[in-house]
Amino acid sequence: MDSNAINIKYQNGYEIAPCVREGGLSENARALVSASEELGDAPFASVLRAWCVPYLFHTMEELLASGEDPIAGVNSALKVLAEFLSNAQKSGFEVIRGDAGDSENPQTESGDVKDITGNHYGNLFKNFSSLSYWDEPVKLLRERLERNGISVADIESKKTLDAGCGGGRYSVAWRLLGAAPVVGLDISPINVEDANRRIREAGVSDMSFQKGDVLELPFEDGEFDVVFSNGVLHHTTDWEKGVKELVRVMKPGGLGWLYLIENPGGVFWDVIEILRLVMKDEEKSTARAALQSLKLPANRIFYMLDHVMVPINLRLTPEEIENCLAEAGATNIRRLERGSDFDRVEHIYQKNPFAEENFGVGENRFVFSK
């Protein structure tokens with residue numbers, strides 16, 4: 001394919017993956033997306049596209065552990081995948097077609113973006129193991145609070161809102177740290193039903209889950225001591241309105257927590273956006289099934305498909321978020337410099353090799369008051 005054809009072919013992909021146009025990964029990224037598209041729409045093609053996701057995630061993680069320059073390693077992986085898909089396209093597998101099977105409701109996939117997003121996360125969270133649901137989040141939340149000098153003792157008996165709670169894991173984490181009562185709110189009825197079932201079966205009191213929109217919180221002004229929104233508003237149609245809603249429902253002197261994905265984001269986000277372009281026309285149920293066939297646990301599948309297949313995935317600079325918080329009336333705004341060992345910002349804080357090349361500025365986690 002000549003360069004002019006490439007430019008025409010990918011001009012609509014720049015919004016999804018700007019790194020296919022320029023940068024150290026662009027040539028091999030274009031080759032991968034071309035090979036992916038040339039597979040066509042046969043069932044085996046969908047599976048192979050989905051398998052690109054764990055392959056590239058695994059590559060990134062190996063590069064991080066090695067401390068090597070990520071650009072060369074990711075380029076090598078992109079090239080391998082492009083060649084693999086090109087060879088697969090010549091194999092004749094496209095003739096093997098069966099019943100469409102248990103695909104997702106087309107109306108859900110093509111409907112309102114809120115419904116699509118809610119359904120996406122509902123189907124990812126509902127299969128989490130007990131360990132991933134109960135133990136992991138409280139450990140991560142405790143580490144993030146303590147490493148940034150936020151006292152866990154100060155959380156006890158504080159009325160807490162988890163706005164966009166997903167499956168409710170972090171709502172539970174706040175409750176286990178002593179916050180009470182805790183309210184989890186999410187757009188997905190799948191998430192709400194599953195979260196209420198889990199706490200009911202575990203006998204956890206002083207918390208509940210309800211369906212609702214983070215852009216139109218169904219609560220009074222100043223109702224909560226703690227408002228928590230962890231990786232949610234970057235998937236909505238109006239993140240700034242969501243920030244205003246968080247500040248509105250928080251009590252004066254309360255604690256706010258906001259996490260939004262970062263720009264710049266380094267190679268980590270370049271790879272995710274390349275995969276978004278590869279997977280943009282795939283059914284979410286097919287992608288989940290393809291990763292399940294590799295015996296990956298549910299929390300791992302969530303981690304990989306979270307940003308790759310959600311309709312809206314907006315990345316923001318720290319300055320944009322801080323300005324929005326200030327305009328909404330937040331005070332004492334602080335960007336957290338540390339995280340758990342797993343977090344990108346912790347790698348940057350520890351000055352690990354190539355941390356900024358890998359992760360840009362790291363996660364945008366802010367705490368604030370009012």
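1. In this predicted model, Asn28, Ala29, Ala31, Leu32, Ala35, Ser36 and Glu38 of helix H2 meet Asn75, Leu78, Lys79, Leu81, Ala82, Leu85, Ser86 and Gln89 of helix H4, where contact means heavy atoms within 4.5 Å. Sorted by class, the contact of H2 with H4 has 8 nonpolar, 5 polar and 2 charged residues; Ala, Val, Leu, Ile, Met, Phe, Trp, Tyr, Cys and Pro count as nonpolar, Asp, Glu, Lys and Arg as charged, and the others, Gly among them, as polar. Helices (H or I, at least four residues) and strands (E, at least two) are DSSP runs, numbered from the N terminus.

2. The axes of H2 (residues 26-38) and H4 (residues 70-89) come within 8 Å and cross at roughly 20°, the axes being lines fitted to C-alpha atoms, for helices over the stretch in contact, with angles from 0 to 180 degrees between N-to-C directions. The two helices H2 and H4 are therefore roughly parallel to each other, a term for angles under 35 degrees.

3. Residues are numbered from 1 along each chain as its sequence is written. Local features need pLDDT of at least 70 and side-chain atom pairs count only at pLDDT 80 or more, while totals for chains, interfaces and linings use all residues, and side-chain values use heavy atoms, with hydrogens and water left out.

4. Strand S7 is mostly covered, with 6 of its 6 residues buried, that is, under 20% relative accessible area with a 1.4 Å probe, protein chains only. Asn364, Phe366 and Phe368 point one way from S7, and Arg365, Val367 and Ser369 the other way. In a regular strand the side chains alternate between the two faces of the sheet.

5. Helix H10 (residues 239-249) has several buried residues, including Trp239, Leu246 and Val249. Among the elements that cover the buried residues of H10 are strand S4 (224-230), strand S5 (250-260) and helix H14 (318-328).

Conventions
Buried < 20%, exposed > 50% of the residue type's maximum accessible area, 1.4 Å probe, protein only. Parallel < 35°, antiparallel > 145°, perpendicular 65-115°, else oblique.
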